[in-house]
Amino acid sequence: MKRSRAVQSSDPAKGRDLLARSRANLEAALALDPESAQAWYVLSQVATEQGDRDLAERARAQHATYKLDDNARDAAITAAR
């Protein structure tokens, strides 16, 4: 996605192509592992760049579902003490 942004200003068609390829690769990755929080996060960014609001919202919701709780480790250590 970073590459598509860099290319977008000089060659918009190539930037769109890179985004489309990124989206296809992410969808393939999610077909293998539908619980990949990282893939859902990046897909939400790609969909936002492409202007696909529905997919971006769905991907953000899926990311929130599968994202690890950042405070879970601290809470478990506190509870164990």
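**View 1. Serine 44, a buried residue of the predicted model.** With a relative accessibility of 5%, serine 44 counts as buried in this predicted model. The residue belongs to helix α3. Apart from neighbours within four places in sequence, serine 44 contacts Ala56, Ala59 and Arg60.

**View 2. The packing of helix α3 against helix α4.** Helix α3 (residues 37-50) and helix α4 (residues 53-66) pack with their axes 8 Å apart and at an angle of about 160°. That angle makes α3 roughly antiparallel to α4. The crossing of α3 past α4 is left-handed. On the α3 side, the residues in contact include Trp40, Tyr41 and Leu43, and among those they meet in α4 are Leu55, His63 and Tyr66. The contact comprises 9 nonpolar, 4 polar and 2 charged residues.

**View 3. The salt bridge between aspartate 52 and arginine 23.** The closest N and O atoms of aspartate 52 and arginine 23 are 3.0 Å apart in this salt bridge. Aspartate 52 lies in the loop between α3 and α4, whereas arginine 23 is in helix α2, so the pair ties together parts 29 residues apart in sequence. Aspartate 52 is partly exposed, at a relative accessible area of 23%.

**View 4. The salt bridge between arginine 60 and glutamate 57.** Here the closest N and O atoms are 3.0 Å apart. Arginine 60 and glutamate 57 are 3 residues apart in helix α4, which means that about one helical turn separates them. Arginine 60 is partly exposed at 37% relative accessibility, and glutamate 57 is partly exposed at 48%. Elsewhere, salt bridges with shared partners join Arg23, Glu27 and Asp52 into one network.

Terms used. Residues numbered from 1 in each chain as written. Predicted model: local features only at pLDDT ≥ 70, side-chain atom pairs only at ≥ 80, totals over all residues. Heavy atoms only, no water. Axes fitted to C-alpha atoms, helices over the stretch in contact; angles between N-to-C directions. Helix = DSSP H or I, 4+ residues; strand = E, 2+ residues; numbered from the N terminus. Parallel < 35°, antiparallel > 145°, perpendicular 65-115°, else oblique. Left-handed = near helix turned anticlockwise from the far one by under 90°. Contact = heavy atoms within 4.5 Å. Nonpolar A, V, L, I, M, F, W, Y, C, P; charged D, E, K, R; others polar. Buried < 20%, exposed > 50% of the residue type's maximum accessible area, 1.4 Å probe, protein only. Salt bridge = Lys/Arg side-chain N within 4 Å of Asp/Glu carboxyl O.
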